[in-house]
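Open the structure in your viewer and keep the selection tool at hand. We will go stop by stop.

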Amino acid sequence: MNDETHGSERYGHNRAANEAHRYWSAGQPPALPKLGLERLLQELISRSNEIIDTEQQLHRLLDAVVAVASDLSLPDTLRRITELAADLAEAKYAALGLLGPDGRDLIDFITVGIPTHARQQIGDPPRGKGILGVLIDLPVPLRLDNLADHPASAGFPSNHPPMHSFLGVPLRVRGEVFGNLYLTEKRDGGTFTERDEQLIVALAAAAGIAIENSRLFDVTRRREAWLTAAGDVTKSLLAGAEIEETMRLVVERASTVAGGGASFLLLNDADGGLSVRAAYGENTAETLGTTYRLSDQRLSERRAFLAAGFVTGPGISERYSGPAVMVPLVVGENVIGVLSIARAQHEEPYSEADMRMVESFAGHAALAVQFSRQAADRQRLAVLEDRDRIARDLHDLVIQRIFAVGLGLQSIGMSIDQPATAGKLSGLIDDLDTTIHAIRTSIFSLQQQEEESAGLRSEALNVVSEATGALGFEPVLTFRGPVDTLVPAEVCGDLLAVLREALSNAARHARASHVEVRLSVDAGQVTLEIEDDGTGLATDAKPGTGSTTMRTRAERHGGTCAYASREDGTSGTVVIWQVPLN
């Protein structure tokens with residue numbers, strides 16, 4: 001081109017413009033082809049509709065972002081995201097698959113568009129194979145016109161609705177893939193467009209922020225629940241709760257806040273093992289007292305860890321062999337036990353955040369348990385000291401004074417000439433002697449340590465104490481001789497059974513108001529006498545089952561069992577059970 005050509009073009013353009021201006025000035029528009037005008041109008045209308053549709057979609061996207069951010073519950077947020085994605089892309093079916101900790105398998109699958117009964121007919125949800133696995137392996141948007149045409153397509157299970165068009169978009173939270181959005185079957189029968197993809201990608205970006213907020217809210221809420229549980233334990237401790245009550249509260253709060261399952265509190269025992277001292281959950285009562293030996297090095301190193309299951313044992317090997325949290329109870333430099341929270345098989349595993357929360361709670365629980373144990377030890381020591389003081393006072397003051405009174409009465413009785421008065425005085429002296437024996441029995445029971453193995457004296461005291469409620473009063477129990485050292489164990493069992501049967505007869509049949517039990521070892525035999533002031537023996541009464549059993553228990557050791565009336569002639573019965581000692 002040259003300047004002459006440009007000049008001619010300018011001349012032509014100006015001429016056309018002048019001509020058009022002359023027509024418009026005269027009120028006569030230029031004649032345009034009718035077909036070109038219609039095409040221009042159609043294009044203008046189409047562009048206007050596209051602008052309107054785009055604006056509507058943007059409004060819907062904005063509403064979707066606001067709706068996603070309006071709920072802090074993670075399950076509700078995930079379902080809302082799935083529903084909004086289906087609505088934005090006008091998809092018939094939508095699903096959100098959550099990735100597990102390994103980033104490979106889908107641990108949850110939320111669906112929209114498929115009725116509940118249809119999902120049940122389909123069977124187990126997918127685990128991330130086929131087309132779903134492609135999006136897991138390469139987390140970028142994937143849009144397909146027909147699922148069956150993709151090489152990774154593996155078909156559908158039976159009872160699954162037909163699906164053709166597909167749109168998949170990853171969900172990212174803090175740069176990590178949290179899950180994937182899957183959309184299928186455009187409602188108008190067409191395929192998903194690039195605009196649909198852009199909308200879902202934008203929704204996924206907003207959803208990632210909403211999911212992170214929901215997760216943070218969930219962590220905060222659970223942390224608050226654990227702090228509340230720790231506060232309940234501390235409050236119970238400050239209220240003076242017993243050690244058993246404190247441990248029960250620890251396992252109950254731990255199991256409740258952890259979201260089901262069962263919890264176990266194990267404390268160190270004298271043999272170097274761990275025994276279950278408290279348990280909470282279904283069918284966990286039979287584990288109480290069970291001893292385990294946990295050799296995991298992480299416990300000795302005072303480190304919490306996630307386990308595949310709680311230690312096996314009666315009733316829990318199957319029910320609570322799923323995911324578990326094992327947390328050592330540390331006080332100072334010492335590990336006093338273990339707190340374990342376990343779930344059933346195939347349940348969701350605990351996370352690292354769960355473990356840290358349990359670990360924090362276990363620190364409060366360990367201090368509470370240790371404090372309760374020390375408080376119980378101090379209380380037990382105070383009781384033992386008080387009992388020891390009472391025993392010393394009884395021995396050094398009361399018995400000596402009673403013995404001195406008895407000696408004085410004996411000396412006075414020797415100078416009395418009246419037989420009746422001397423007899424009464426002798427009876428009073430015998431009563432003082434009986435009182436001294438009763439006091440010595442009480443001194444022995446006060447001085448016996450709770451941890452000591454129970455001897456015949458202690459067992460007889462327990463049987464008499466048990467019968468107090470049925471009788472309505474406490475029987476008098478006296479001992480003579482070395483009953484704890486010379487009576488064999490096999491004889492002790494029968495003797496205690498006879499004592500229990502005789503006291504039961506006195507309570508049920510004799511209507512006695514006073515019972516005296518005398519247990520003595522002398523002249524190579526053990527003698528048990530139970531004397532009551534009840535109705536006495538009936539002359540025509542036949543031996544009952546109890547009487548026959550008492551006699552049989554004596555005869556198996558070469559002894560005898562007899563019944564007699566009281567020596568003073570008053571109503572009542574004396575049971576005399578004697579067995580020789582070899």
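Among contacts in the protein chain with a separation of 6 or more, what percentage is between residues 24 or more positions apart? It is 59%. Keep in mind that this is a predicted model.

**Whole chain**

Select the protein chain. It has 582 residues, and 37% of them are buried. Color by secondary structure to find 14 helices and 16 strands. Now show the surface. The accessible area is about 33300 Å², with 52% of it belonging to carbon and sulfur atoms.

**Confidence**

Color by pLDDT. The average over the protein chain is 76, and 79% of the residues score at least 70. Next, select residues 1-14. Here pLDDT stays under 50, and the model has one contact beyond four places in sequence for this stretch. Move on to residues 19-25. Their pLDDT also stays under 50, with four contacts beyond four places in sequence. Where pLDDT is low, the predicted coordinates should not be read in detail.

**The five-stranded sheet**

Select β1 to β5. These five strands make an open sheet, in the order β2-β1-β5-β4-β3, with antiparallel pairing. Go to the edges: β2 (106-112) and β3 (142-144) each have a single partner strand, so one side of each is left without a neighbour in the sheet. Turn the view to follow the twist, which averages 15 degrees from one strand to the next.

Zoom in on β1, residues 91-99, and β5, residues 176-186. Seven bridges join this antiparallel pair. Which residue of β5 is the bridge partner of Tyr 93? Pick Thr 184.

**A helix on the sheet**

Select α3, residues 74-88. This helix packs on the sheet and touches β1, β2 and β5. Compare directions: α3 makes about 145 degrees with β1.

**The helix α6**

Select residues 194-238. This is helix α6, with 45 residues. How far does α6 reach from its first C-alpha to its last? The span is 65 Å, close to the 66 Å expected at 1.5 Å a residue.

Bring the sheet back into view. α6 lies across β3, β4 and β5.

Finish just after α6, at Gly 240. This glycine takes a positive phi of about 85 degrees.

Conventions. Residues numbered from 1 in each chain as written. Predicted model: local features only at pLDDT ≥ 70, side-chain atom pairs only at ≥ 80, totals over all residues. Heavy atoms only, no water. Helix = DSSP H or I, 4+ residues; strand = E, 2+ residues; numbered from the N terminus. Buried < 20%, exposed > 50% of the residue type's maximum accessible area, 1.4 Å probe, protein only. Contact = heavy atoms within 4.5 Å. Areas by Shrake-Rupley, 256 points an atom, 1.4 Å probe, with all protein chains shown as cover. Expected span 1.5 Å × (residues − 1). pLDDT = per-residue confidence, 0-100. Pairing = 2+ DSSP bridges. Axes fitted to C-alpha atoms, helices over the stretch in contact; angles between N-to-C directions.
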